[in-house]
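I opened my notebook to log what I looked up in one protein model.

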Amino acid sequence: MEELEQGLLMQPWAWLQLAENSLLAKAYITRQGYALLVSDLQQVWHEQVDTSVISQRAKELNKRLTAPPEAFLRHLDDLLRPLLKDASCPGTATFSCDRVAEALILQVRSELSGLPFYWNFHCILASPSLVSQHLIRPLMGMSLALQCQVRDLTTLLHMKDLEIQDYQESGATLSRDRLKTEPFEESSFLERFMVEKLPEACSVGDGRPFVTNLQSMYMAVARQTIQVGQKHHDTGDPHTSSSAFSQGTDNQLLNQLEEPVSSTPSLPGPETEPTVSSGPMQKPQLLKVKRKKLRGLFS
């Protein structure tokens with residue numbers, strides 16, 4: 001299930017218009033199941049299922065169709081992909097949604113192998129942690145990233161103004177007056193932005209501007225979040241790492257004990273005269289031992 005969770009986080013949001021319902025949605029489907037997230041900007045719904053749920057629901061909704069769960073998942077992926085990529089071209093499937101109490105049921109109708117195919121996504125209200133993972137934290141990260149971007153652009157504008165000033169002091173003139181600009185002043189720019197541009201910039205509406213303009217930024221922030229999480233997971237807790245290391249060492253010792261006694265060591269110890277209880281070692285035996293040690297030394 002961890003693969004579904006990370007895969008869903010990496011998916012961009014799509015804007016859907018289903019009858020009178022404007023929705024944001026994202027989905028991730030594998031051979032093991034699917035995860036779906038839907039929001040109307042008031043609430044967020046979620047469903048995550050495995051192959052056992054797929055099999056049971058397929059039997060209930062499609063009694064004439066018999067196929068393994070992987071086939072139904074592949075078909076659902078083929079139906080959802082065009083819808084989430086371009087809502088104006090949803091393909092041959094028909095989508096609709098109903099709200100039952102606090103749940104959202106996304107209904108799908110299409111064909112599979114020449115027979116009618118029906119599917120219902122039963123989405124329940126998402127947990128606060130899931131909303132934070134997919135919306136609050138990514139949006140905070142995007143805000144910070146955009147703030148850094150504005151700061152870098154402001155610095156670049158100041159450098160450009162100094163460059164232009166140097167050209168002018170050297171006697172350079174513009175060939176076209178319409179290209180002339182005033183030196184950039186950050187405070188006046190911010191004041192003008194707050195008055196003239198902020199109302200338009202904050203017009204979230206049904207969420208379509210966010211999907212249209214900021215999905216690349218959203219996916220970059222989500223990717224960075226996963227990378228940071230994996231780094232912390234790989235580092236792990238010191239006690240956990242120590243335990244894992246001890247377990248690995250114990251396994252190595254067990255493997256060494258199971259090896260035959262006659263195995264040749266990779267690095268032989270200091271050469272000593274072997275002791276044999278049955279009397280002094282014969283010369284052929286001594287030469288054999290020395291050859292074995294030499295082979296171990298150069299192996």
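**Model.** This is a predicted model: local features need pLDDT of at least 70, side-chain atom pairs count only at pLDDT 80 or more, and totals for chains, interfaces and linings use all residues. Residues are numbered from 1 along each chain as its sequence is written, and side-chain values use heavy atoms, without hydrogens and water.

**Fold.** I looked up the secondary structure and found nine helices and seven strands in the protein chain. These are DSSP runs numbered from the N terminus (helices: H or I, at least four residues; strands: E, at least two).

**Burial.** The protein chain has 299 residues, and 26% are buried. Buried means under 20% relative accessible area, exposed over 50%, partly exposed in between (1.4 Å probe, protein chains only).

**Contacts.** I took contacts (heavy atoms within 4.5 Å). Of those in the protein chain with a separation of 6 or more, 56% join residues 24 or more positions apart.

**Cysteines.** I searched the whole structure for disulfides and got zero. The cut-off is a pair of cysteine sulfur atoms within 2.5 Å. Cysteine 97 is buried at 11% relative accessible area. Cysteine 123 is buried too, at 0%.

**Helix α5.** I checked phenylalanine 189, which lies in helix α5 (residues 186-201). Phenylalanine 189 is partly exposed, at 35% relative accessible area.
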